[in-house]
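Welcome! Please take a moment to look over the sequence and the 3D structure before reading on.

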Amino acid sequence: PLSMEGTVTLITQRKRAERHNEILKNISALQTGQDEPMIEEILKTVLRDFGCDRAWLSYPCDPNADALRAVKEVSRPDWPCVRAHNIALPLSPATAETFKKALASGSPLWHDPETGWPEALREINVELKVQSLLYRIVKPKTGKPWLFGIDYCAVAHVFNEDELCLFVEIGDRISDALSSVLSLQELNKNE
């Protein structure tokens, strides 16, 4: 029985690693473009492969900013996009506090049935009907940091270590993709 348990564990770990690599391979293939639709396609891949209800990018992740913009958001039909695209929204004290924590953390932060929701994020939990939330900072080579996140709305989700590791790696690829997009925008602006 002990050897069977070890074999099952190795097979499970191998399958997780294969799935992880396949997702990253798909995202890397999307990075060959250098335009904004590439970012949306990456978010669609995240939506599909994480089985979440929304995937999004907001800018800037700066607690001292006057406003923030939801630059990209994709969602399932039952959970339409709720963040206003490219419209500057005033930065609430709760959002500023969330940004401070995300910037200080350096790793993903999440709120789910096991971790609970801090007071600063209760408005997101209630207003956006989010039951579980995972987010992290992404830092392109130029400009201020961005915030990348996913929402589970229909059903609460408890995040596992594999998902957190994959989310970090996807965030790194989003940073690279944003670097390409922002560099191209800067070149076009200077021409």
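The report below goes from the whole chain to the sheet, then to a helix and some ring pairs.

## The chain as a whole

Please keep in mind that this is a predicted model. The chain holds 5 helices and 6 strands. If you follow the chain from the N terminus, its elements come in the order α-α-β-β-β-α-β-α-β-β-α.

Of the 191 residues in the chain, 42% are buried. The accessible surface is about 10,500 Å², and carbon and sulfur atoms account for 54% of that surface. Contacts that span the sequence can be counted too: among those between residues at least 6 apart, 59% join residues at least 24 apart.

## The sheet

How are the strands arranged in the sheet? The 6 strands make an open sheet with antiparallel pairing, and their order is E3-E2-E1-E6-E5-E4. At the edges you will find strand E3 (89–90) and strand E4 (109–111). Each of these has a single partner strand, so one side of each has no neighbour in the sheet.

Let us walk through some of the pairings. Strand E2 pairs with E3 in the antiparallel sense through 2 bridges, and here leucine 68 stands opposite leucine 89 in E3. E1 and E2 are also antiparallel, with 6 bridges; alanine 55 faces valine 74 of E2 across this pairing. Strand E5 (residues 132–138) is joined to E6 by 7 bridges, again antiparallel, and isoleucine 137 stands opposite leucine 147 in E6.

## A helix on the sheet

Which strands does H3 touch? This helix packs on the sheet and touches strand E2 (67–75), E4, E5 and E6. The direction of H3 makes about 60 degrees with that of E5.

Glutamate 97 and proline 63 are 34 residues apart in sequence, and their C-alpha atoms are 6.9 Å apart in space.

## Aromatic pairs

How many aromatic pairs does a search of the whole structure find? The search turns up 4. One of these joins phenylalanine 50 and phenylalanine 167, with the ring centres 6.2 Å apart and the planes at 85 degrees, which makes the pair edge-to-face. Phenylalanine 50 belongs to helix H2 (residues 36–50) and phenylalanine 167 to helix H5 (residues 161–190), so this pair ties together parts that are 117 residues apart in sequence. Are these residues buried or exposed? Phenylalanine 50 is buried, at a relative accessible area of 8%, and phenylalanine 167 is buried as well, at 0%.

Another pair is made by tyrosine 59 and tryptophan 146. Their ring centres are 4.7 Å apart and their planes meet at 45 degrees, so this pair is tilted. It links distant parts of the chain, since tyrosine 59 is in strand E1 (residues 54–59) and tryptophan 146 is in strand E6 (residues 146–152), 87 residues apart. Tryptophan 146 has 6% relative accessibility and therefore counts as buried, the cut-off being under 20%.

There is also a cluster to look for: ring pairs link Phe50, Phe148 and Phe167.

Terms used. Residues numbered from 1 in each chain as written. Predicted model: local features only at pLDDT ≥ 70, side-chain atom pairs only at ≥ 80, totals over all residues. Heavy atoms only, no water. Phe/Tyr/Trp six-rings, centres within 6.5 Å; stacked < 30°, edge-to-face > 60°. Helix = DSSP H or I, 4+ residues; strand = E, 2+ residues; numbered from the N terminus. Buried < 20%, exposed > 50% of the residue type's maximum accessible area, 1.4 Å probe, protein only. Pairing = 2+ DSSP bridges. Contact = heavy atoms within 4.5 Å. Axes fitted to C-alpha atoms, helices over the stretch in contact; angles between N-to-C directions. Areas by Shrake-Rupley, 256 points an atom, 1.4 Å probe, with all protein chains shown as cover.
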